[in-house]
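I opened this model to look up its side-chain contacts. My notes follow in the order of the search.

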Amino acid sequence: MALTIGVVLCALPLFNTIGAESALVVSIVLSPFAAALGARHLITQRAKSGAIDLQVFLQSGLAGVGLVGIPLALLMANALRVRWCEPLEGLLFFLFGPLMGVPLAAVMGCACACLVRSTKRATALAVLLPLLEIGTTLWLLWFEPGIFAYGHFFGYFPGTLYDLGLAFPPVYATFRVTSALMFVGFVMVSTGVGLHGGAELRRWQKVAYVAAGIGLLVMLVVVDGQGPQIGYRTSRSWLRQNLSLHLEGEHCDVHMPRDVPREEARRLLEDCDFRASQVADHLGITLKSRVTVYFFKSAEEKRQLVGAADIMFAKPWHQEAYLQLMPWPHPVLAHELVHVVAAQIGTGPFRVSARLGGLWPEPAIIEGTAVALAWGTIDELTPHQWAKALVAIGKAPSYQEIFGASFLRQAPNQAYTIAGSVIGYIADRYGAGALRHLYTEGDISKATGRDISQLMSEWRAFINQQSLPPAAWALARARFERPGVFYQICPHRIAELQSLLVDDARSGDVHMVLRTCRSILDIDPRYSAAQAMLVWAHAQRKEWRQAEARIRSLHANPDIPRPIVAKSEEALGDTYFEAGDLKQAKIRYDRALREPLAIENRRLLELKALSTRRPKDEAILLRAYLVGQNGVAPQPAWGMYLAQRISEKRTDGLGPYLAARQLINQQAYEPAVPMLRHALDRGLPTPLLAEEADRLLGLALVATRQFSLATTLFQARLSRLVTSGNQFEARDWLERVAYLAGLGAAGT
């Protein structure tokens, strides 16, 4: 068994090295096996000598270590074939996982054989207990909010595979202290009811051993009851105790940290009510139950309380969603609410789209429906447009790769986009009834009356009709560059380094940026974002030759997405700008502007390029606002001061616009409204800035509940805008305004 599991793991991506995933599988498979071996070993020794001593337990525990040693050795040898990026952390997961859990299962098997004399019953009980722990854990994962779990036999279950920011949790070591209580408790109880050293124990000695062992096991239960406070378990009551601000709306109950400003909390509640109502309308159903949403202060707080840091998730069967706080309107809330609201038409214990009586979830339909009903834009492109770009660059997964269990093997960006586009097409073409049928039955052919080949031909023809801006193909190459987690090299280590790189850049620590970039490129030399960041780091150190050489290598490499090249040119331009070399900064900005760019990046670059052509005193102010110092953006108060000084130097509306952005970033919408009006009245230096100021004014009007003015503004935008992404955004805002205005009328 141990050899088989080792060979299988060596052949599976993500599991083929020593880490959390392989440690979990080894623990789950070998713990019941070791428990059976422990029971049989004690029964054999008792039959031979008629006595039991601690040596039997020691031998069983060592046998458990030996079992784990086989797959561990194979995985270590496999490091000669595949990259082993985190040897110390991987060994820690094995040390505190199967190297403790499997021997513990073997000792527990010995204890079962002490308590139950029948060989078959003792073996069955020994095998059952690790399985019972797994079953209990699955029940808790289903019943409680968390998606992580610690087990004495199976070790640590970290949650979803998509949460790449996985690191060894220090509480794991604390949890293993309780495993030691279990170990000693088993041994003492077994000693008390069995024989010791070939001689019968006296009655009082037996009672003492049993009482002490039971006492330790009771202590284990008591400590386990404090699991949420310690951090190796969670509960709904513990979650609500930490997220103690509770608001009730028309459809939603929201929980968040008590220090969230009440106005921000009200906007989140109304946002939840609106999105829940909108999803129900798109599905053609009536909301029958309330929705509960938990908002966490940060990704780290969410990791501590429910076990997921980098992902937001829902538990549809409980009508609950779990998200961290983000700027209003929350960009992920609608997606997660689709999962929750669609539970009314879902099947099985998870209330999702599934087959086989609801026992076989269909992840492509589940996530595709969320994308389709929480339809949004990224870089002003809809999922249909992104799907067309994916097809054009040859990275679109096939139907067989998307629908079914293989969905989880794909890169999330690609899988979600294609599934969302296909299901969005079904909803538009065949109606809400077909979408409900699809979600309930999990069968596209039955829902649409078309076989799969016909439907996919229809969808491809529809996708081909989508119009794309010239930059879309290059933007798609950049957005969909990274493969799925199963095909990445050291995904957890890369994710850790990527997070570290962001922190390094924000702090302006150039030395650490260089170090982190080199660590990333040592693992994956094709990681283009790290290559571009090296340009900025060399330039910050005034190593102009190295920076220029890297720029040239990026331009010469056809595998580097052009938006990444543009980013490196911009980084070099920023450094020249900061050094006061306006001529070189302008050259770099102009080069970057010739590359395909997302609208947001182009808007900022245009402003930077214009700044290099202004008088020196004005350029210094613009540089401080737009570039900052050592790549670190100005703090809000300093940003407001710079915006005021810029307003004094210029006759147009750039200064008020920049000040309004600072206010909106701090969710101070009321004072931002007159500033944005002033900026638009005075005019802005580029059409993209004027367009953004108009959009931000609409957002601020909604936030300050000036619904009539907001309606007029978004109606004007809807008639003026031409791209499908911008038109969708305007219609979505109009829906929101109509809903919120209706709430106000109902309240009066």
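**Aromatic pairs.** I searched for ring pairs and found 27 aromatic pairs in the structure. I paired rings of Phe, Tyr and Trp (its six-membered ring) with centres within 6.5 Å; planes under 30 degrees apart count as stacked, over 60 as edge-to-face and the rest as tilted. Tyr150 and Tyr156 make a stacked pair, at 4.8 Å centre to centre and 25 degrees between the planes. Both Tyr150 and Tyr156 are buried. For burial I took under 20% relative accessible area as buried, over 50% as exposed and in between as partly exposed (1.4 Å probe, protein chains only).

I then followed Tyr156 to Tyr172: this pair is tilted, with 5.6 Å centre to centre and 50 degrees between the planes. Tyr156 is in strand β2 (residues 155-157) and Tyr172 in helix α7 (residues 171-193), so the pair ties together parts 16 residues apart in sequence. Helices (H or I, at least four residues) and strands (E, at least two) are DSSP runs, numbered from the N terminus. Tyr156 has a relative accessible area of 10%, and Tyr172 has 1%. I also noted one aromatic cluster that includes Phe93, Phe96, Tyr150, Tyr156, Tyr172 and Tyr232.

**Model and numbering.** This is a predicted model, in which local features need pLDDT of at least 70 and side-chain atom pairs count only at pLDDT 80 or more, while totals for chains, interfaces and linings use all residues. Residues are numbered from 1 along each chain as its sequence is written, and side-chain values use heavy atoms, with hydrogens and water left out.

**Charges over rings.** I looked for NZ of Lys or CZ of Arg within 6 Å of a ring centre and within 35 degrees of the ring normal. The charged end of Arg429 sits over the ring of Tyr430, 4.9 Å from its centre. Arg479 lies over the face of Trp386, at 4.8 Å from the ring centre.

**Disulfide.** How many disulfides does the structure hold? I found one, taking sulfur atoms within 2.5 Å as the cut-off. Cys252 and Cys272 form the link, with their sulfur atoms 2.1 Å apart. The angle about the S-S bond is -80 degrees, and the link is left-handed. Cys252 lies in strand β4 (residues 252-256) and Cys272 in helix α11 (residues 262-283), so parts 20 residues apart in sequence are tied together. Both cysteines, Cys252 and Cys272, are buried. Cys110 is in no disulfide; the nearest cysteine sulfur is that of Cys114, 7.1 Å away. Cys110 is buried, at 0% relative accessible area.

**Salt bridges.** My search of the whole structure gave 33 salt bridges. The cut-off is a side-chain nitrogen of Lys or Arg within 4 Å of a carboxyl oxygen of Asp or Glu. Asp271 bridges to Arg736, with the closest N and O atoms 2.4 Å apart. This pair links distant parts of the chain: Asp271 is in helix α11 and Arg736 in helix α34 (residues 724-747), 465 residues apart. Asp271 and Arg736 are both buried.

Arg355 meets Glu362 in a salt bridge, at 3.2 Å between the closest N and O atoms. Are the two partners buried or exposed? Arg355 is partly exposed at 36% relative accessibility, whereas Glu362 is buried at 7%.

I ended with Asp617 and Lys649, a salt bridge of 2.9 Å, N to O. Asp617 lies in helix α28 (residues 616-626) and Lys649 in helix α29 (residues 636-649), so the pair ties together parts 32 residues apart in sequence.
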